[in-house]
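Work through the exercises below with the structure open beside you. Try each task before you read its solution.

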Amino acid sequence: APTYKLFAPAGSFRAFAPLIAAEYNGVNVEVDTEGVEAAAKSMSPTGKAPLLQTPQGVIFSSAAMARFIASIRRDTGLMGSSLQDSATIDAWMDWTAQDVELPACVWWYPVAGYMPANADAAAKAEADLGAALATLQTYLMDKTYLVGHQITLADIVLACTLLYPFKLVCDKSFLKPYGNVVRWFTTCVNQPEFAAVVGKVEMCKKSLAGGAKGGGGGGKKGGDKKKKDKAAAPAPAPAPKKTEHPYKIMDKEAPSEFNMDAWKKMYSNAKTYDEAMSYFWEKFDQEGWSLWLQTYNYNEDNKRIFMTANAVGGFIQRTDEIRRWSFGVMDVLGTEETVLEIKGIWLLRGDTVEHMVNANDDANWYTWTKLAGKGLAATDEVKAQVKGYWTEENELEG
């Protein structure tokens, strides 16, 4: 029988699904946790692990490796028993990558020391993961598994994605509304094939992130009633004065003649894009506004066009807080056969992307390059680039 070698950091949740699939299918997979960096640089086109070395070549991406191993044997049912089953399994895997993995990782990564803690990001991640679990809760109301009547790769991938969150940050109070999800999860991880890879899974008792919903302070309710001479309760602290948004302050202290609402109306209603762009450059105030090229830092993770497009839509939705002071067009460049890149050009109030980053945590995953603004006039090349991103409907950057 052919042998396979998996290169992955020790404890990487991205390696769990391929290894559990191997347990179900009786496939021999050797695991190397020592030579990961060298193997990733020399064998993976993305330069990242995990990756699977096969007799025919290298497979990268956790999902691709898991699909490959799960497909080696059809009789075990990991990929379903029909084309419909296989498509449904793929759908749940895509949903996991899109709706579960990102908020889950943002929530538990700081606990593991993979990224710095950020209270706002953690709160949003907690809410987003809760929304995903609510979807799953409803779906599992009358089902034991995600597809059909047995564990499939869909169950394996989703359970592995939830493993560390359920061990580290999702305590009982957070999981209380999701009884069907907990029942499904424990059914999966208690299977011998799971246990052979991840061991015994202890559910989180108290969130290590300190931010799970529910719960509460300990101690007796009402305090010690035996004390007759009670000290006067301290006066409640005054409510913090609501601070204005930095952009509002900027509008008061350094008003600009450029009118964002007028520009957006012109952009939407102009007879031609040339007319719109001519208006923009006539009105553009480089002292009060700036133009920025936005480039996604992890394009190698963009596998499918619809998922990448959804990521773009999500980014724009999360920028709603500053919509009065921002205008941007984001594009998905390339193909699934080559590489899918997310790029965009944004017009922002002021001379920094700081307020964009504060409003939208996803902005941290992009590199922002100033194209024009205070101290930097827009060149003809920049003007052509902006026009391309904002008006081209077919081909961009060749």
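The model is predicted, so local features need pLDDT of at least 70, side-chain atom pairs count only at pLDDT 80 or more, and totals for chains, interfaces and linings use all residues. Residues are numbered from 1 along each chain as its sequence is written, and side-chain values use heavy atoms, with hydrogens and water left out.

**Exercise 1. The whole chain**

Task: State how many helices and strands the chain has.

Solution: Start with the rule. Helices (H or I, at least four residues) and strands (E, at least two) are DSSP runs, numbered from the N terminus. The chain has 15 helices and eight strands. Next, look at burial. Of the 398 residues in the chain, 43% are buried. Buried means under 20% relative accessible area, exposed over 50%, and partly exposed in between (1.4 Å probe, protein chains only). Last, take the contacts (heavy atoms within 4.5 Å). Among contacts with a separation of 6 or more, 74% join residues 24 or more positions apart.

**Exercise 2. Two helix pairs**

Task: Classify the crossing of α1 and α3, then that of α12 and α15.

Solution: Two packed helices are described by the angle between their axes and the distance between the axes. Axes are lines fitted to C-alpha atoms, for helices over the stretch in contact, and angles run from 0 to 180 degrees between N-to-C directions. Angles under 35 degrees count as roughly parallel, over 145 as roughly antiparallel, 65 to 115 as roughly perpendicular and the rest as oblique.

Step 1. Helix α1 (residues 13–25) and helix α3 (residues 62–70) have axes that come within 8 Å and cross at roughly 0°. These two helices are therefore roughly parallel.

Step 2. Find the residues that meet. R14, A17, P18, A21, A22 and N25 in α1 touch S62, M65, A66, I69 and A70 in α3. By class, this contact has eight nonpolar, two polar and one charged. Ala, Val, Leu, Ile, Met, Phe, Trp, Tyr, Cys and Pro count as nonpolar, Asp, Glu, Lys and Arg as charged, and the others, Gly among them, as polar.

Step 3. Turn to helix α12 (residues 273–283) and helix α15 (residues 380–391). Their axes come within 11 Å and cross at roughly 130°. The pair is therefore oblique.

Step 4. Y273, D274, M277, F280 and W281 in α12 meet K383, V386, K387, W390 and T391 in α15. Here the classes are six nonpolar, one polar and three charged residues.

**Exercise 3. Ring pairs**

Task: Say which kind of aromatic pair Y267 and F327 form.

Solution: Rings of Phe, Tyr and Trp (its six-membered ring) pair if their centres lie within 6.5 Å; planes under 30 degrees apart count as stacked, over 60 as edge-to-face and the rest as tilted. The count comes to 36 aromatic pairs. For Y267 and F327, the centres are 5.0 Å apart and the planes are at 70°, so the pair is edge-to-face. Y267 lies in helix α11 (residues 260–269) and F327 in strand β6 (residues 326–334), 60 residues apart. Both are buried.
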